[in-house]
Amino acid sequence: MKFVDLDRQYQRYRYEIDSAIQETIKKGQFVLGKPVEDLENALAAYVGVRHAIGVGSGTDGLLLALMAMDLRPEEEVITTPFTFIATAEVMVLLRAKPLFVDIDPESFNLDTGGIRDALVKRQKAGARVRGILPVSLYGQCPDMDEINEIASEFGLFVVEDACQSFGAEYKDRLSCGLNAMGVTSFFPSKPLGAYGDGGMVFTNDNVMADMIKCLRVHGQRVRYRHEEIGLNARLDSIQAAIVLAKFAHFGEEIKARQEAAERYSELINQKIPEIKTPAVMPDRTCVYAQYTVRIPGGLREKVTTHLKQEGIPFAIHYPIPIHLQPAFKGLGLGPGSFPHAEKAAEEVLSLPMHAFITPEEQENVINGLVEGIGSKT
Ligand SMILES: Cc1ncc(COP(=O)(O)O)c(C=O)c1O
């Protein structure tokens, strides 16, 4: 069993994916051009925004979004300490600072109640807080209406880190189209994945879209005339063609992931009361980039030891919150700074999840968990 079975997906759409790659090579469209434009147009229409701009990765997209917002050294951006490193890394690359706010332990997303308190405190201290970068972790958005409201009250930008949530619904809209900008990732194991790195930035703002397009090609709008300091952060054309081929099946795949998640949750709730299944808020959907449970009471290690013995794959997203990462020790935030994020890091466990997982495989995983919880090791 694989944690994410990309081979099964390839076998299903083999003809479409192979043709898309061949076409791109035959036409020699290796850098931007039609394959990237076709994907940008399809995904902008799907999300319901004016602009989608293909970029080299989710990390590139986040960096470009903050550059387009003109984030300056020493300025601060509110975000969660319980995320993948890229979310906060891009701030530091611009010599700006993450202003962490603890998570809501139910959803694992930013606790919106804490944002206002942090803002008031930092502004009193004279800090320049410029924006909020909420992460839609595991494939579910945080309370975006509340986040947008706080942002407009305090004059902040909002960029969604939607690297795990492409396709997720929030009220009657989609992730990536909920704020000033949204950024997703096509890393191969994502719900909509490429066969290498890739990402996309979404916005309704014409000026921001123009700036992102300019920055992704070394700051040029006209060839060899460089108006900004930019970088090479283009979406690769072959990757764009692959993602577009897979996108034709994306709706069915999300449904399959959601059904698999429901199956997991039913089985766990029936058989393993010690394990807490993911909570999806009533006004949203989750695309389950990760199906992540909580194993409290110090039992996680016992369970993972057993899963390893049985050859059942799993992952921990994430074992160390960002503020405790060695690379962030300069912030001076020790253990105890964000108790909910720290507890989550000790308790979360992601189970194998993809659109092609079978009920038998899921039962096998659950049996592994049941035995792991009951084992004496
Ligand atoms: C929450 C989050 N942010 C950012 C990224 C970075 O995306 P990429 O790997 O495409 O650079 C990822 C991907 O792993 C992610 O999960």
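**Exercise 1. Is Glu-75 buried or exposed, and what does Glu-75 pair with?**

Step 1. Glu-75 has a relative accessibility of 7%, so Glu-75 counts as buried (buried means under 20% relative accessible area, exposed over 50%, partly exposed in between, with a 1.4 Å probe and protein chains only). The model is predicted: local features need pLDDT of at least 70 and side-chain atom pairs count only at pLDDT 80 or more, while totals for chains, interfaces and linings use all residues. Residues are numbered from 1 along each chain as its sequence is written, and side-chain values use heavy atoms, leaving out hydrogens and water.

Step 2. Now look for a partner. Glu-75 forms a salt bridge with Arg-130, with 2.9 Å between the closest N and O atoms (a salt bridge is a side-chain nitrogen of Lys or Arg within 4 Å of a carboxyl oxygen of Asp or Glu).

Step 3. Arg-130 has a relative accessible area of 23% and is partly exposed.

**Exercise 2. Find which strands pair with β2.**

Step 1. Start with strand β2, residues 76-79: Glu-76 and Ile-78 point one way, Val-77 and Thr-79 the other way, and all are buried.

Step 2. Strand β3 (residues 97-100) pairs with β2 in the parallel sense over four bridges (two strands pair if DSSP finds at least two bridges between them). Here Lys-97 is the bridge partner of Glu-76.

Step 3. Follow the chain from β2 through helix α4 (residues 86-93) to β3, and you trace a right-handed β-α-β crossover (right-handed: with the strands pointing away from the viewer, the path from the first strand over the helix to the second runs clockwise).

Step 4. Strand β4 (residues 129-132) also runs parallel to β2, joined by three bridges. In β4, Val-129 stands opposite Glu-76.

**Exercise 3. Describe the largest nonpolar core and the surroundings of Leu-66.**

Step 1. This core has 26 residues, of which Leu-66, Leu-133, Val-159, Met-181 and Ile-212 touch the most other members (a nonpolar core is a set of buried Ala, Val, Leu, Ile, Met, Phe, Trp, Tyr and Cys residues joined through side-chain atoms within 4.5 Å).

Step 2. Among the elements that each supply at least two residues are β1 (51-55), α3 (58-68) and α7 (206-215). Helix α3 gives the most, with six residues.

Step 3. Beyond its neighbours within four places in sequence, Leu-66 is in contact with Leu-71, Val-90, Met-91, Leu-94, Leu-133 and Phe-157 (contact means heavy atoms within 4.5 Å).

Step 4. There is also a second, separate core of 25 residues, including Val-36 and Phe-166.

**Exercise 4. How does helix α11 meet its surroundings?**

Step 1. Helix α11 spans residues 339-347, and its buried residues are Ala-341, Glu-342, Ala-344, Ala-345 and Glu-347.

Step 2. These buried residues pack against β12 (291-294), α10 (300-310) and β13 (348-351).

Step 3. Glu-347 and Arg-294 meet through their side chains in a salt bridge of 2.7 Å, N to O. Glu-347 belongs to helix α11 and Arg-294 to strand β12, 53 residues apart.

Step 4. Glu-347 counts as buried because its relative accessibility is 7%, and Arg-294 is buried too, with a relative accessible area of 9%.
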